[in-house]
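Take a guided walk through this model.

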Amino acid sequence: MEEETDLFKGNRSLHNWFVGILLAGTFTMSISQSSLSTAYPTLMRYFGVSATTIQWLTTGFMLVMCIMMPISPWLLSNVSFKHLFQAVLLLFDLGTLIILFAPSFPVMMLGRILEAMGVGILFPSYQSVMLTITPEESRGVTMGVVGLVMGSALAVGPIISGIVLKFTTWQGLFIVFAVIITVVWLLSFKFISDVMTLKRTKLDYISVISSLGFIGILYVINQIGKTQVNWSQQLILLVVSILAVGYFVFRQFHQKTPMLELRVLKTFNYDLAVLLTGVSYIALIVTTIIFPLYYQEILHLSPFVSGMALVPGAVFLSILNPVSGKLADRIGFKRVLLIGMSMITLGWGILFVFFSGVHLIGMIVLAMLIEGGNAFVMMPAVTLGANSLPDKLIAHGTAVITTVRQILGSLGVACATIILTVVTNNHLAKGEHVAIASQMGYRAVFFTFFLVAIVGLLLAISLKNSEKQGVNR
């Protein structure tokens, strides 16, 4: 897309402002995805709801995100990027304001849904835009910066919220979001440009409706490990949702102008890139959720110390993301991905094998190893996938990767939760001490994701060092 990349030639300042504003908005929205877990106890007391109910602030957020992601390519092709970006910011700001003044939990949930709609549109869109405005030979560095935003925000979200909550009320967290997003929105009038080529088409509403099956699947996944669940109803919902997703996929392959171009899956390297970014995302999100629980339940640390113990991993991830991009441009994506998957595999492997001898410092180092490996996999895999596709399919390619990553991430968290619960309860039933039973539960989790990492390593080995390929139409 030569005209888009030419837009900033001779005006480096405009390019830097464009990228800076885009990343600032995305980083703030990304933090909102993972930041609320620290505030759960406070919100439960404030609204008088149970832990199961309050978790919908995150679960519902992920479900809505997932349904908006496949629509993002259509929006990029039919709405000017400047207007789309501003609309997304306003949508997120409106949701944040509703949350700030929410008199009840349902009203807060409404605001959270509006936030999630904005994030679900922006996540794949900003990756597509960054890939589009960057020449292919420089995409490694650019996507390293993108990875810094996505990975770091997810990792530091609980840390930032913990710090804010230490000095203010839970509303203070959303005031921070609202102020930053409002400033970004005002700056967007001057510095955000229309960088995507428009190709107007009618929105396929049947595809939109059938894509709701993704929400159904994710909803059922998130019920795993919970008590008092009517599994007969859940099974029916799962079957209906799978059929809906199946029809969605069928329709995309048989429409002349599909809402989401799934023919990108006919490219071998792209398919591997989709799976690799999913594996790395699983490793990151499970680490940020399971490690704090381990610190509190096994090492008996306070919630604040547990949150602070995540800081070194988040910092290491932030440092390595830009480095991984430069390295990918120099030595090739396959080698970088092999380095990353080796780091992730080694981290989980050490946790499993030397479980009983690993204490706080060791856990922090291993968290750094796993999160550092993520820096060498997630965005390099996205970039490799994009480089395997024609430029006109980049928006569709990033939407597919982002959607699959979200689904696999939810599945990873659900698996970690159920394995931890089931194994711990089995050992308790045998009469073992609570501490020993909990340790066995965590060891089973570490072993499971060690196996997942091995699969990811094998996928990285299978990558082909090939040039950009076409997609059969």
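Buried means under 20% relative accessible area, exposed means over 50%, and partly exposed lies in between (1.4 Å probe, protein chains only). This is a predicted model, so local features need pLDDT of at least 70, side-chain atom pairs count only at pLDDT 80 or more, and totals for chains, interfaces and linings use all residues. Residues are numbered from 1 along each chain as its sequence is written, and side-chain values use heavy atoms, with hydrogens and water left out.

W17 sits in helix α2 (residues 12-34). Helices here (H or I, at least four residues) are DSSP runs, numbered from the N terminus. With a relative accessible area of 39%, W17 is partly exposed. W17 also belongs to a nonpolar surface patch of about 420 Å², together with I175, V179, V183 and L187. Patch residues have over 30% relative accessible area and no salt bridge, and nonpolar side chains (Val, Leu, Ile, Met, Phe, Trp, Tyr) are joined within 5 Å, while like charges are joined within 9 Å. The areas come from the Shrake-Rupley method with a 1.4 Å probe, and for residues only the protein chains shown count as cover. Helix α10 (residues 170-191) supplies the largest share of the patch, 4 residues.

Now go inside. A nonpolar core is a set of buried Ala, Val, Leu, Ile, Met, Phe, Trp, Tyr and Cys residues joined through side-chain atoms within 4.5 Å. The largest such core has 144 residues, and F81, F291, W348 and F446 touch the most other members. Helix α14 (residues 268-297) gives the most to this core, with 16 residues. In general, nonpolar side chains tend to be buried together in soluble globular proteins.

What is W348 in contact with, leaving aside its neighbours within four places in sequence? The partners are A283, V286, T287, F291, I370, F446, F449, F450 and A453. Contact means heavy atoms within 4.5 Å.

G409 lies in helix α20 (residues 394-429). Its relative accessibility is 0%, so G409 counts as buried. Not counting residues up to four places away in sequence, G409 touches Y281, I282 and I285. The C-alpha atoms of G409 and F447 are separated by 17 Å, and the two residues are 38 apart along the chain. T96 is placed in helix α7 (residues 81-100). T96 is buried too, at a relative accessible area of 0%. Beyond its neighbours within four places in sequence, T96 is in contact with E115, F174, F177 and A178.

Next, look at burial along whole helices. In α19 (residues 378-387), 10 of the 10 residues are buried, so this helix is largely enclosed by the rest of the structure. Among them are M378, P380, L384 and N387. Helix α3 (residues 40-47) has Y40, L43 and F47 buried. These cover an arc of only 65° around the axis, which puts them on the same side of α3. The arc is that of the directions from the helix axis to the C-beta atoms.

Charged pairs come next. A salt bridge is a side-chain nitrogen of Lys or Arg within 4 Å of a carboxyl oxygen of Asp or Glu. The structure holds 3 of them.

R251 forms a salt bridge with D204, and the closest N and O atoms are 2.7 Å apart. R251 counts as buried at 15% relative accessibility. D204 is buried as well, with a relative accessible area of 11%. E261 and R263 also meet in a salt bridge (3.0 Å, N to O), and both are buried.

Finish with the backbone. Most residues other than glycine have a negative phi. H300, which is not a glycine, has a positive phi near 55°. H300 is found in the loop between α14 and α15 (303-308). H300 is exposed, with a relative accessible area of 64%. Just after α3, G48 takes a positive phi of about 65°.

Note on methods
Helices (H or I, at least four residues) and strands (E, at least two) are DSSP runs, numbered from the N terminus.
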